There are 2 protein chains.
Amino acid sequence: MSFDRMIEKIVELQNPTVAGLDPKLAFIPEYIKNEAFAKYGKTLDGAAAAILEYNKGLIDALYDIVPAIKPQAAYYEMYGWQGVKTLAETIAYAQEKGMFVMTDGKRNDIGATMEAYATAHLGTTDVAGEKIEAFGADALTVNGYLGSDGINPLVKVCQEKDKGIIVLVKTSNPSSGELQDMKFEDERTVYNVMGEMCEKWGEALPGKYGYSGVAAVVGATYPAMLTELRAKLTKTFFLVPGYGAQGGGAADVAGAFDENGLGAIINSSRAIMTAWQKDAWKAEHDEKDYALAARAEAIRMRDEIAAYLPKKNGKAFNL
Amino acid sequence: MSFDRMIEKIVELQNPTVAGLDPKLAFIPEYIKNEAFAKYGKTLDGAAAAILEYNKGLIDALYDIVPAIKPQAAYYEMYGWQGVKTLAETIAYAQEKGMFVMTDGKRNDIGATMEAYATAHLGTTDVAGEKIEAFGADALTVNGYLGSDGINPLVKVCQEKDKGIIVLVKTSNPSSGELQDMKFEDERTVYNVMGEMCEKWGEALPGKYGYSGVAAVVGATYPAMLTELRAKLTKTFFLVPGYGAQGGGAADVAGAFDENGLGAIINSSRAIMTAWQKDAWKAEHDEKDYALAARAEAIRMRDEIAAYLPKKNGKAFNL
C-alpha cells in the first residue's frame, strides 16, 4: 500500500532512476523491425512485435542495475490494440525480472469510471467470478483535476494490492505554468494545492520509510520548485521527469532527495532508449548492441546523480 | 477541423444527445455473455466478445435517432488489450452506421507524448511508410492541466483530419470543486480559466456554425455554472455529462444551449445501457430486447430535453 517495495529496490541497487519505455518505431534498430515486418508485414501487428522485442532487450540489459521501468501508455496506444497488448506483455516481462513497473497513463475520471481504471491498471478484473489482471502494473500516474472522487477508488486498490499512484503536481513541460503556477487568493499556487492534496490522500496509504502510496510528478526542469516541494511535502515521494532529453541535469534533481537519498526517482526515457543512435556509439558498435548502449547510459546517469548526493558509509541511498 | 459534422447530425436527427458506451459486464444480458463465455471461456477474450456484441446491438438500435456515441476508454481497458480491441471495433462499427464517435479518454501529457495520443486516437500511425488508423475516433476528451503544450499537438491533427477535442472544464462529480471552483487572485475560478483557454485554443479550429473544434466538458450537475459558461464561452461547444444516473435533469441542461438549440450535446450512459434492467421493462420484455429498451430511453431523453427549448418552425435545433 505504498512505494516501500520500490524504495527497497532503489537502495538495493543504489540507483534512484527509472527507465522510461516510450518506444517510437524510430528508436528501434533496423534488424528488429525487419524481422517483425517480415513476419507480420508493415502493420500494427508488426510494429507491436518489434516494440516488444526491443523492450525485452532493454529490460534484459537493465533489470540488475535499474529498479523500475515506466512505460508511457501513449506510445503503445499509437500502435492500436496490438500496441496495448505489447504494453501488457512488457509489464509482465519486467515484473518477472523483478522490476517495479509504473504505467504512465495520467488517467483521470469521475469515481465509478476511475474504479474501472484502477481495476484495469492496478487491480484485478472480475469476469463472471474469475479474477484476472488486465495490466497489473505496480503504480499508475494520474491527474487530480477532478478532486478526491477521482483518487479514492485508486487508494482502495492500492490498499488491497500493495500498489501506488503518482499524481501530476508540477509537470516538466514549458507550458506547465499556464495553470499550475497560477496563484489563488491565499497566495498558494495550483501546484502547491495539488501537492497538499497528495499529502492528504497519502494518509490512507502510510509507508514504513516515511513515504506514502501517493507520489507526485514534479519536473526536473523546475529545480527551485522541486526543492520547495521536497521541503513541504514530507510524506510524498516524487517521480521526476525531464532529466536528459528535456534539459534537466543531475544538479537540477539533487533537491528532490531527502537526507537519506530517498524521496525521489528520476526518469530518463529517450536518453536511454536512443543511446545506441548517438554518433560516438554508432562509430564503434553494431545496432544489435543497442541494449548495451542503454545500459551504459543508465550507469552513467546513476553515477552522475549519486555524485551530487551526500554519502553515509559510502552509500548515497539509505533506508 | 471542428464539430460541424456533429452539429449537422444533431440538427438532422433533432437530437442533441450522445449515448455513452461504458460497458460493464453487469450491464450485458445473460444470453450474450453465455454465448461469449461458451466460445472463449470466462476470460478477457470472452468479456471483450460479449461487450462487442452488446455494443453492436445498441448501435443498431440507436444510429438512426442518436447522432453520436461516447465510448469510455476505462471500461475497455478494464478488459485488457482484448477490451481495447473491442473499443477499436466499436468505433469502426458506429462510424460505418454514420455516427460521430467521441472517445472519452481524458488523455493528457507533455507535447511529444500528446502527439502520440493524438495519433493514436484521432490521427494515423506511420508504420514504415504505411498509414494506419489505430483507433480513428472523431473526437477525444482531454485534460488541460499541462497547458498549451498538451493541446497543440491535438489541434494540428484536428486541422488535418477534421477532428475535435473536448477539454475538461467543470466536471460532473461531487468533488470537482475541490480544485476547479478555487478562485485565483483575480477572482476567476480554475474552471473559468480553463474555459477561457478553450476559447483561445479553439481560434485555430473555427467552425461554420460559430463553434470551434475545441469543446468543453461541463457537468449537468452544476446547472448554474453551465449557464454562466454558456454565456461566456461563445465559441466553445459543450459536452454535458451527469444527466440521468448522476442526477442532472432536462431543466438542468437547458442553460447549455444557445438560441438555436445548439452549443451542447448531452450524454447519457447508464440510463440508456441499463434501461432493459428496470423492473417495469423486465416485467413485459425479454432480455433479448435490451436494445429496444435503450432506444425507448434515448427517445424519451431526446423529447424531454427538446421540451425545455424554444422552437423555430417547430424545430428545437437549427443551423
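Predicted model: local features only at pLDDT ≥ 70, side-chain atom pairs only at ≥ 80, totals over all residues.
Let me begin with where the chains meet. In this model, 58 residues of chain A are in contact with 58 residues of chain B. On the chain A side, the elements that each supply at least two residues are helix 2 (30-40), helix 3 (44-62), helix 4 (73-77), helix 5, helix 6 (111-121), strand 4 (125-127), strand 5 (130-132) and helix 8 (177-180). Of these, helix 6 of chain A gives the most, with six residues. If we sort the side of chain A that touches chain B by class, we find 28 nonpolar, 18 polar and twelve charged residues.

Helix 5 of chain A passes helix 5 of chain B in a right-handed crossing. As for the residues involved, Gly80(A), Trp81(A), Val84(A), Lys85(A) and Ala88(A) from helix 5 of chain A meet Gly80(B), Trp81(B), Val84(B), Lys85(B) and Ala88(B) from helix 5 of chain B. By class, the residues of this contact divide into six nonpolar, two polar and two charged.

Now to a pair inside one chain. Helix 2 and helix 3 of chain A pack at an angle of about 140°, with their axes 8 Å apart, and helix 2 passes helix 3 in a right-handed crossing. Helix 2 of chain A contributes Ile32(A), Lys33(A), Ala36(A), Phe37(A), Lys39(A) and Tyr40(A) to this contact, while helix 3 of chain A contributes Asp45(A), Gly46(A), Ala49(A), Ala50(A), Glu53(A) and Tyr54(A). Taken by class, the contact between these two helices has seven nonpolar, one polar and four charged residues.

To take one of them, Val240(B) touches, beyond four places in sequence, Val218(B), Gly219(B), Ala220(B), Leu226(B), Val253(B), Ala256(B), Ala264(B), Ile265(B), Ile266(B) and Asn267(B).

Finally, some single residues. Most residues other than glycine have a negative phi. Gln14(A), however, has a positive phi of about 50° although it is not a glycine, and Gln14(A) sits in the loop between helix 1 (4-13) and strand 1 (17-21) of chain A. Because 17 C-beta neighbours lie inside 10 Å, Gln14(A) counts as partly exposed. Glu187(B), likewise not a glycine, has a positive phi of about 80°, and its place is in the loop between helix 8 (177-180) and helix 9 (190-202) of chain B. With 8 C-beta neighbours inside 10 Å, Glu187(B) counts as exposed.

Along the chain Glu8(A) and Pro67(A) are 59 residues apart, and their C-alpha atoms are separated by 9.1 Å.

Key: Residues numbered from 1 in each chain as written. Chains lettered and ligands numbered in written order. Contact = placed C-beta atoms within 7 Å. Left-handed = near helix turned anticlockwise from the far one by under 90°. Helix = DSSP H or I, 4+ residues; strand = E, 2+ residues; numbered from the N terminus. Nonpolar A, V, L, I, M, F, W, Y, C, P; charged D, E, K, R; others polar. Buried ≥ 20, exposed ≤ 12 C-beta atoms within 10 Å, placed from the backbone. Axes fitted to C-alpha atoms, helices over the stretch in contact; angles between N-to-C directions.
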